[in-house]
Amino acid sequence: MFGLRRGLGLIIVVNLFLSCASSETAGVAPKPKLILVLSIDQMRFDYLTRFADVYKGGFRTLLQQGAVFSNARYRHANTETGPGHSVILSGRHASHSGIVANSWYDPFLRKNINVVEDPVHRPIGGKGRGVSPANFIGFTVGDVLKVQFPEARVVGVALKDRSAILMGGRRADAAYWYENVEGRFISSSYYMKTAPAWLDQFNKLRFPDQYAGKKWTRLMEDKSIYEKYAGKDDVEGEWDRKDTVFPHLVRGNPPEPRFYDEFRRMPFADDMTLQVALEAMKGHEIGRDNITDILAIGFAATDVIGHTYGADSQEVMDQLLRLDLTLEKLFQEVESRVGMANTWVVLTADHGSLPLVENLQAKGLPAKRVKTSDIVRIVKEVMNSKFPGVQGLIASFDPPNFYLDEEVIRRNKIKREAVEEAITSALMATGDFESVYTRAQILDANTPDLGNLSLIRNSFFLPRSPHLTVTPKKYVYLSDAVGGTGHGTPHDYDRHVPIVFMAPWVKPGRYTDPCGPEDIAPTLADRLGLEFPRESDSRILVEMMKELKALTTGQ
């Protein structure tokens with residue numbers, strides 16, 4: 001009954017849009033057995049080209065045989081993992097999908113909820129939280145593919161639950177992800193009643209445990225190569241300002257949850273993700289027949305390592321060199337099982353990142369660390385001054401944004417606009433913020449654009465977005481951590497990501513016209529001959545397409 005319910009719901013939604021879009025290019029490509037979608041969490045575009053000379057595996061293959069889009073940027077401001085992954089195979093802005101952030105404040109539950117949180121469902125295969133794609137409004141290429149071809153298999157595998165789930169879509173056969181409570185890969189009752197035997201068997205191997213006490217050393221022995229491409233190893237501002245040089249150990253010991261959480265900070269987490277993806281590929285018989293299947297894989301070690309050591313670190317370089325070899329293993333397995341000639345590959349990222357503040361300062365840029373605790377203190381002082389005796393006006397501070405408690409505002413007979421103005425003035429007086437927009441201003445077409453307003457509007461969904469959407473100035477990093485870096489802004493360094501297509505119908509080369517990950521889904525759907533709606537500011541990536549009349553087989 002549950003499967004029928006979600007299936008019928010999606011069919012209704014899909015049918016509403018079937019007349020809204022059609023194939024925009026002449027002919028469709030011969031159908032592949034497999035569409036392999038690769039998301040490299042926090043992969044800045046320059047990672048693809050900066051280390052090109054030392055790549056030997058999958059990245060080199062993509063650079064040589066793929067269509068590389070060098071001017072690809074997200075068209076939204078909320079450059080976080082959830083929103084990014086929700087776009088990759090749906091092409092939908094948060095303004096339509098509702099995926100405004102990794103979490104948002106729910107005024108009815110009076111708490112922040114995770115982007116894939118769903119208390120109706122339970123974890124399968126191990127301990128964890130109940131999750132599903134229920135919070136996502138819309139559908140993916142895989143969803144539409146399964147409406148037309150119910151036998152098609154769609155599976156998501158990732159280190160993060162939101163990555164696997166949001167790329168898979170509502171009709172996915174399964175999604176699998178890593179849970180650091182026990183160091184296991186699990187799924188959700190949304191997809192299955194019990195864990196498949198292959199997943200139980202994999203978890204019995206205790207993959208992370210083998211790295212207890214082992215050191216992460218450089219892949220290449222020649223330290224000078226790392227210094228050439230990434231600079232010196234010991235850089236002020238990395239992580240906790242203590243564990244900043246090779247080699248590195250996983251902190252803690254199994255079976256401590258701390259150990260399994262820290263394991264994500266190692267390149268070996270991507271090797272683990274690959275192994276699970278290959279087992280899922282076998283278990284679900286992906287690519288075994290002539291009906292197109294989709295396997296979406298989210299590699300996330302780059303994100304955790306990037307947060308820890310920064311974009312210009314030797315650690316990030318080493319991580320990418322290792323991921324390069326991991327991707328090569330993946331391509332070799334796909335060649336053996338499916339054939340690369342029968343496979344379309346897409347590689348992209350969910351967001352970029354801000355380089356380490358200290359490295360930017362060394363280049364003379366106005367980079368700055370700002371403590372979130374200081375911002376909270378400043379705003380509280382203003383609230384106490386402007387509205388003495390009133391407690392609880394701020395329901396949630398989700399840095400850098402603010403949710404207000406409208407019940408408290410009504411009960412104290414305060415105008416919401418007065419609270420918004422007080423917070424806005426306090427924030428702008430710090431000199432650390434570019435803009436602060438209220439919900440009303442975002443909805444008003446006549447609001448002056450203080451910078452990135454169109455991107456902010458693409459990220460805005462009224463039931464879930466904050467009352468005050470705040471943008472730090474360029475190169476300002478808002479965090480209480482003593483080191484490391486992050487993302488989440490509409491600035492270029494957070495939005496600029498790689499997009500690479502590799503398929504028989506693709507003309508390899510470099511493409512410089514502006515585009516974005518929002519274009520991936522409609523382009524794939526177009527090549528598959530599927531009706532698929534797209535955002536008004538997205539497009540089909542026609543420039544990379546070969547002439548298809550001679551290739552089309554009539555499928």
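Strand S3 (103–106), strand S15 (401–404) and helix H16 (406–411) each supply at least two residues to the lining of the second largest pocket. Helices (H or I, at least four residues) and strands (E, at least two) are DSSP runs, numbered from the N terminus. This is a predicted model, in which local features need pLDDT of at least 70, side-chain atom pairs count only at pLDDT 80 or more, and totals for chains, interfaces and linings use all residues. Residues are numbered from 1 along each chain as its sequence is written, and side-chain values use heavy atoms, with hydrogens and water left out.

**Second largest pocket**

- The second largest pocket holds about 360 Å³ of space.
- Its lining has 18 residues, and Tyr 105, Asp 106, Pro 107, Phe 108 and Pro 463 are the closest to the centre.
- By class, the lining has nine nonpolar, one polar and eight charged residues.
- Ala, Val, Leu, Ile, Met, Phe, Trp, Tyr, Cys and Pro count as nonpolar, Asp, Glu, Lys and Arg as charged, and the others, Gly among them, as polar.
- A pocket is an open set of points on a 1 Å grid over the protein atoms alone, where a 1.4 Å probe fits, with protein on both sides within 12 Å along at least five of seven lines; lining residues have an atom within 4 Å of a point.
- A volume is the space filled by probe spheres set on the points, which are joined across faces, edges and corners.

**Helix H13 and its partners**

- The axes of helix H11 (residues 268–283) and helix H13 (residues 314–337) come within 9 Å and cross at roughly 15 degrees.
- H11 is therefore roughly parallel to H13.
- Their crossing is right-handed (the near helix is turned clockwise from the far one by less than a right angle).
- On the H11 side, the contact includes Phe 268, Asp 270, Asp 271 and Leu 274; on the H13 side, it includes Gln 319, Arg 322, Leu 323 and Thr 326.
- The contact of H11 with H13 has seven nonpolar, two polar and seven charged residues.
- The axes of helix H9 (residues 223–230) and H13 also come within 9 Å, but cross at roughly 105 degrees.
- That makes H9 roughly perpendicular to H13.
- Ile 225, Tyr 226, Glu 227, Tyr 229 and Ala 230 in H9 meet Gln 314, Met 317, Asp 318 and Leu 321 in H13.
- This contact of H9 with H13 has six nonpolar, one polar and two charged residues.
- Axes are lines fitted to C-alpha atoms, for helices over the stretch in contact, and angles run from 0 to 180 degrees between N-to-C directions.
- Angles under 35 degrees count as roughly parallel, over 145 as roughly antiparallel, 65 to 115 as roughly perpendicular and the rest as oblique.
- Contact means heavy atoms within 4.5 Å.

**Helices H4 and H7**

- Helix H4 (residues 81–88) packs on helix H7 (residues 161–168) at an angle of about 25 degrees, with the axes 7 Å apart.
- H4 and H7 are therefore roughly parallel to each other.
- H4 passes H7 in a right-handed crossing.
- Thr 81, Gly 82, His 85, Ser 86 and Ile 88 in H4 meet Arg 162, Ser 163, Leu 166 and Met 167 in H7.
- Three nonpolar, five polar and one charged residue form the contact of H4 with H7.

**Backbone features**

- Most residues other than glycine have a negative phi, and most peptide bonds are trans.
- Trp 239 has a positive phi of about 40 degrees although it is not a glycine.
- The peptide bond from Phe 246 to Pro 247 is cis, with omega near -5 degrees.
- Trp 239 is in the loop between H9 and strand S10 (248–249), and Pro 247 is in the loop between H9 and S10.
- Pro 254 and Pro 255 are joined by a cis peptide bond with omega about 10 degrees.
- Pro 255 sits in the loop between S10 and helix H10 (257–262).
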